[in-house]
Amino acid sequence: MRTQAAALVLAACASGAWAIPAFDEVRADFKPSDTLILSREGEVLQRLRTDATVRRGQWVPLADVSPALRQALVLSEDKRFFEHSGVDWRAASAAAWGNLWNQRTRGASTITMQLAGLLDGDWRQGPGGRTVAQKLGQTVAAQVLDRRWRKDQILEAYLNLVPFRSELVGIDALSRTLFDKAAHGLDDREAAVAAALVRAPNARPALVAQRACGVLRDMQQRPSTPTLPAAPAARVDCDALDLFTTAALQRRAFDASEGVAPHFARYLLRQRDKDSAVPERVTSTLRAPLQRFAMQSLQQHLRELRGRHVEDGAVLVLDNATGAVLAWVGSSGQLSQASEVDGVLALRQPGSTLKPFLYAQAIAERRLTAASLVEDSPAQITTAGGLYIPQNYDRQFKGWVSVRTALAASLNVPAVRTLVMVTPDAFHRQLGAVGLPLRESGDYFGYSLALGSPEVPLLHLTNSYRTLANGGRASPVAATLADGKPRFTPAIAAHAAFIVGDILSDGNARARTFGTDSVLATRFWTAVKTGTSKDMRDNWAVGWSERYTVGVWVGNASGAAMHEVSGTSGAAPIWAAVMGFLHAREPSRAPKAPQGLVRAAVRFGPGPSSGAGAPQPLEAARDEWFVPGTQQSLFAMDSIAGEAYGTSASAPKTSKNATRTPVEPASASAAAPARITAPASGTVIALDPDIPPARQRLQFTATRDAVQWRLDGKPLGRGARVPWLPWPGRHVVQITDAQGTVLDEVRLEVRGAGVVAAPTRAGAH
């Protein structure tokens, strides 16, 4: 019976041993704790830890392991590794004899036997040691391994699967964590420490150093080539090795993330199917040279802005046709105190970068054309919390301008007047259609929606500009080459998208604000818009060329304001540098007009008389694009309309599309008594909380020049238009003639910024 039982145990052990997998299967099943993000060229851009339970590096071929480590491991664990057939019977008999006489001897477990235990948990040693069945099974498995695998395969697998210390498994994780180098660079001292850790992974540093000292002595005495005689015994400085070992065991140089695209790597892995296994490698859509250039450009420019309290930024580059992400820089890295925050995904106020979508909607709805005149002048728009008084970035007003000029020069007041026509709710729906869904309703933001008061991420904003680049068709971005062809949906009328792109590419139209030699002027065709949020907290530049859309944000992740950073000094230089890199050897041509779009010559009526010669046209004659049915040849002010808008606090100021010569307002009202046209009596002015109080000025206007203004009985100024810096309280405004006779009087109230209920955030160019 005992013989039969022993036979059954041996048979069971043998059957398990024969199930040992092949080397290629073990290699294929190896899963690092990190995922490698590759560029489309196959270059590793980022290594990101995705398994928190263990620390494994990449599989290291035996040829890439230093000879010193191979020698140290064999001397420490299995001196006759290349001679036996999986089991060292000589060492086994010596161990058995030592156990019989209670003598301490080295264990008889070979590298092959240990590998068998690593491959099959049935043969692993438990807390109380291995059972007889486990020892028998491990012995059989080791001999099977030796027959099926080559010696180099056994040693390679062992080095990659053996646990070294704590969570570290495999030679790649060990060498990078403790020695901060690849496995091929380990020297004799480092190899001795690594070999000592195999025997006692979690031993105290002093014990590890003691064992490493013995391994190092053996290495120096044993020749690296078997044909050479043994070297004479060399002195090993064990005290120095002790210090070295202690320092190495405390080092944690193997960072959880390493590379030039950390934020994109995290975004990419979040997009995968949650039920799928974490991949070892992912080939992304990024271009490696472009990614590095974008990162370097961002860091270089932020260094140039040192002293202006700006340390963060982000850059995103998209392929227009496919939506592929070509570059994703989420942070300025070491320049930032919040480098883990992804600026591409962070919610920030976009400022004036929303204006192109507003004008596109107004043009598509035939409310405006690119040549329509809108008035850039002080506006007072009634809201539930008082009067909304938008300002321009430079606190100056340009008078009557065309929509082309208003958009390209990024004038705020015309944008707000346009939103009055479109309505905040309708514009809110338009933003959602282009991929900018907002958490609050249009009524929540009110007319400040025209100036970029909501918060959006750079990813969505840049992709919405890509919608303009694609003729009003929207599609999601793609992060991997396997994402397939984009699915486009119409979001903006093609005619309107083209006209807006034509305006944003017009350097002459933006000259009123940016000048003719702006950094936005590229030597190839591009369309671009800048934006600055309230208090200089965010600065943007977003635009596109024939093939690419580039978005840039600079600011502070903390939300702190920047110092004297404008639309052309903040994000725009980075945008221009990235665009220049993309088109260094690649042309960018202007897009073709959609079928049916009308191009016609237009001229403009004269502006207000300055008293010195004949009045000049508001803008130079030019050819202009029109949605079919909206074209006309002359755009001029109507004197009647001008008078009506001058007395209204809430009506949008736009031109009458006149075809006759305008009449000067003064001649029509010469006989009328002088009166105050703005503000109206009883006006309640709520100061905008997002504009510095010292920069909020109210314009008092009258029908005549020859009047004198008094505020609360004190002289204020003279002429038809007088600016006033409002302060809280109730006030009486009067105009008098030269003799001091009161001609007209209005009463108004100014309330502090804290009483405004609706968000009223001012944007900038």
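This is a predicted model: local features need pLDDT of at least 70, side-chain atom pairs count only at pLDDT 80 or more; totals for chains, interfaces and linings use all residues.
A search of the whole structure finds 17 aromatic pairs, and Phe23 and Trp149 form an edge-to-face pair, with 5.5 Å from centre to centre and 90 degrees between the planes. The pair links distant parts of the chain, 126 residues apart: Phe23 belongs to helix H2 (residues 23-29), whereas Trp149 lies in the loop between helix H6 (132-148) and helix H7 (151-161).

Ring pairs also join Phe23 and Trp149 with Phe30 and Trp59 in a cluster.

## The pair Phe498 and Trp625

Phe498 and Trp625 form an edge-to-face aromatic pair, 5.2 Å centre to centre with 85 degrees between the planes. Phe498 is in helix H20 (residues 494-504) and Trp625 in strand S20 (residues 622-626), so the pair ties together parts that are 127 residues apart in sequence. Both Phe498 and Trp625 are buried.

## Charges over rings

Lys151 lies over the face of Phe81, at 4.7 Å from the ring centre. The charged end of Arg473 is placed over the ring of Phe488, 4.2 Å from its centre.

## Packing of H3 against H9

The axes of helix H3 (residues 67-77) and helix H9 (residues 188-199) come within 8 Å and cross at roughly 35 degrees; the crossing is right-handed. Residues of H3 in this contact include Ala68, Leu69, Ala72 and Leu73, and those of H9 include Ala191, Ala195, Val198 and Arg199. By class, the contact of H3 with H9 comprises 9 nonpolar, 1 polar and 3 charged residues.

Key: Residues are numbered from 1 along each chain as its sequence is written. Side-chain values use heavy atoms; hydrogens and water are left out. Axes are lines fitted to C-alpha atoms, for helices over the stretch in contact, and angles run from 0 to 180 degrees between N-to-C directions. Helices (H or I, at least four residues) and strands (E, at least two) are DSSP runs, numbered from the N terminus. A crossing is left-handed if the near helix is turned anticlockwise from the far one by less than a right angle, and right-handed if clockwise. Contact means heavy atoms within 4.5 Å. Ala, Val, Leu, Ile, Met, Phe, Trp, Tyr, Cys and Pro count as nonpolar, Asp, Glu, Lys and Arg as charged, and the others, Gly among them, as polar. Rings of Phe, Tyr and Trp (its six-membered ring) pair if their centres lie within 6.5 Å; planes under 30 degrees apart count as stacked, over 60 as edge-to-face and the rest as tilted. Buried means under 20% relative accessible area, exposed over 50%, partly exposed in between (1.4 Å probe, protein chains only). A charge sits over a ring if NZ of Lys or CZ of Arg is within 6 Å of the ring centre and within 35 degrees of the ring normal.
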